[in-house]
Amino acid sequence: MRGLLIACGVAFAVLAMPAAADEAVPTLNDPVVAKREVELAKQLRCLVCQNETIADSRAGLAVDLRNKLREQMAAGKSDAEIIAFMTERYGDFVLYRPPLKATTVLLWVGPFLLLAIGLLIGWRVVRARAKAARPEPLSAADRERAERLLSGEGDAR
Amino acid sequence: MKRVVFFLVPLVFFLVLAAFLFRGLWLNPREVPSPLIGKPAPVFEKAKLAQPSEMFSSNDMAGQVWILNVWASWCTPCRVEHPLMNELAAKKLVPIIGMNYKDTPEAGRKWLAELGDPYTTTFIDYDGKLGIDFGVYGVPETFVIDKQGVIRYKHIGPVTPEAMAKKIVPLVQELQKS
């Protein structure tokens with residue numbers, strides 16, 4: 001029984017090998033460097049497939065940009081220098097997270113602004129309704145009339 | 001008065017949104033504005049396609065207005081714009097330099113033999129590294145570079161007859177005068 005299990009395990013491992021070969025091979029042996037590369041690649045947009053980072057994309061340009069990234073890391077460039085290198089060539093659009101500047105303020109604060117407007121409108125509507133639902137206090141004339149009606153004198157209008 | 005405001009505010013909101021979306025219908029999201037416009041073009045030296053033992057240097061073009069056209073034999077839209085490049089070359093208005101981007105020299109030469117060669121020189125960017133320096137992300141791309149070596153215009157995707165007649169040719173003529 002145990003022999004069969006081992007045989008199955010070996011067969012499975014052999015069968016599983018081609019699948020493993022399809023996975024991306026880590027090109028850098030140092031895990032710290034590899035992690036830094038992935039972190040940087042995650043911040044950069046692939047301009048061919050615009051909704052993917054160069055870490056995710058398989059497009060030729062993404063591969064080239066990742067190679068460039070490695071090259072620059074090997075040359076001892078800092079993260080900021082590498083990001084600057086990319087924006088000099090491809091503009092802010094290459095950054096997956098747009099920088100906060102005058103032209104992008106609306107992009108960053110817009111949703112909060114809309115939320116604030118929504119809350120303000122909601123608050124005013126609720127307040128107006130609450131006000132409408134609250135009965136107005138009886139005026140002196142009405143009170144007098146009610147007393148008359150209750151004491152059976154009839155409506156003298 | 002209050003009721004008017006109540007109805008007007010959402011209407012104005014809607015109209016503004018609609019105006020932006022309407023404008024968006026005619027924008028091409030693939031056209032990313034290049035930060036390189038108005039900046040000096042990268043200085044480089046690359047092997048010529050026709051004769052890889054000879055080098056083409058961007059300094060060779062100093063003092064004249066020139067067009068850099070990035071193309072590849074595997075690029076289908078390049079075929080679409082190629083007749084326009086041939087036409088422009090026939091006018092002998094401006095030197096057109098070709099960048100054979102991420103292509104094999106054999107395929108590149110065959111392509112030129114088949115479709116005509118409008119280029120004063122074509123050089124090879126085999127690994128696409130120079131392409132990165134020029135911010136190339138989709139072929140074809142076309143740059144207009146002035147006498148001082150500054151990039152003045154970039155066209156992404158195949159050049160259209162309108163872009164050629166209304167932007168590129170007038171810009172080249174204007175830059176040549178200065």
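**Exercise 1. State what average pLDDT chain B has, and how many of its residues score at least 70.**

Solution. Chain B averages a pLDDT of 92. Of its residues, 99% score at least 70. Here pLDDT is the predictor's confidence in each residue, from 0 to 100. The model is predicted: local features need pLDDT of at least 70, side-chain atom pairs count only at 80 or more, and totals for chains, interfaces and linings use all residues. Residues are numbered from 1 along each chain as its sequence is written, while chains are lettered from A and ligands numbered from 1 in the order in which they are written. The model's ipTM is 0.75 and its pTM is 0.72.

**Exercise 2. Compare chain B with a compact globule of 178 residues.**

Solution. Start with the radius of gyration, taken over C-alpha atoms. The globule rule is 2.2 Å times the number of residues to the power 0.38. Next, take the extents. The C-alpha trace of chain B spans about 80 × 35 × 30 Å along its principal axes. Last, take burial. In chain B, 37% of the 178 residues count as buried (20 or more other C-beta atoms within 10 Å of the residue's own, with C-beta atoms placed from the backbone).

**Exercise 3. Work out the strand order of the open sheet in chain B.**

Solution. List the elements first. Chain B has five helices and seven strands. These are DSSP runs, numbered from the N terminus: helices are H or I with at least four residues, strands E with at least two. Five strands form the open sheet, ordered β5-β4-β3-β6-β7, with mixed pairing. Strands pair if DSSP finds at least two bridges between them. Now find the edges. β5 (121-125) and β7 (151-156) of chain B each pair on one side only. Then zoom in on one pair. Strand β6 (residues 141-145) of chain B runs antiparallel to β7(B), and five bridges join them. Within this pair, Thr142(B) stands opposite His155(B).

**Exercise 4. Find which element gives the largest share of the side of chain A that touches chain B.**

Solution. Count the contact first: 14 residues from chain A, 13 residues from chain B. Contact means C-beta atoms, placed from the backbone, within 7 Å. The largest share, five residues, comes from α3(A).

Key
Two residues are in contact if their C-beta atoms, placed from the backbone, lie within 7 Å. A residue is buried if 20 or more other C-beta atoms lie within 10 Å of its own, exposed if 12 or fewer, and partly exposed in between; C-beta atoms are placed from the backbone.
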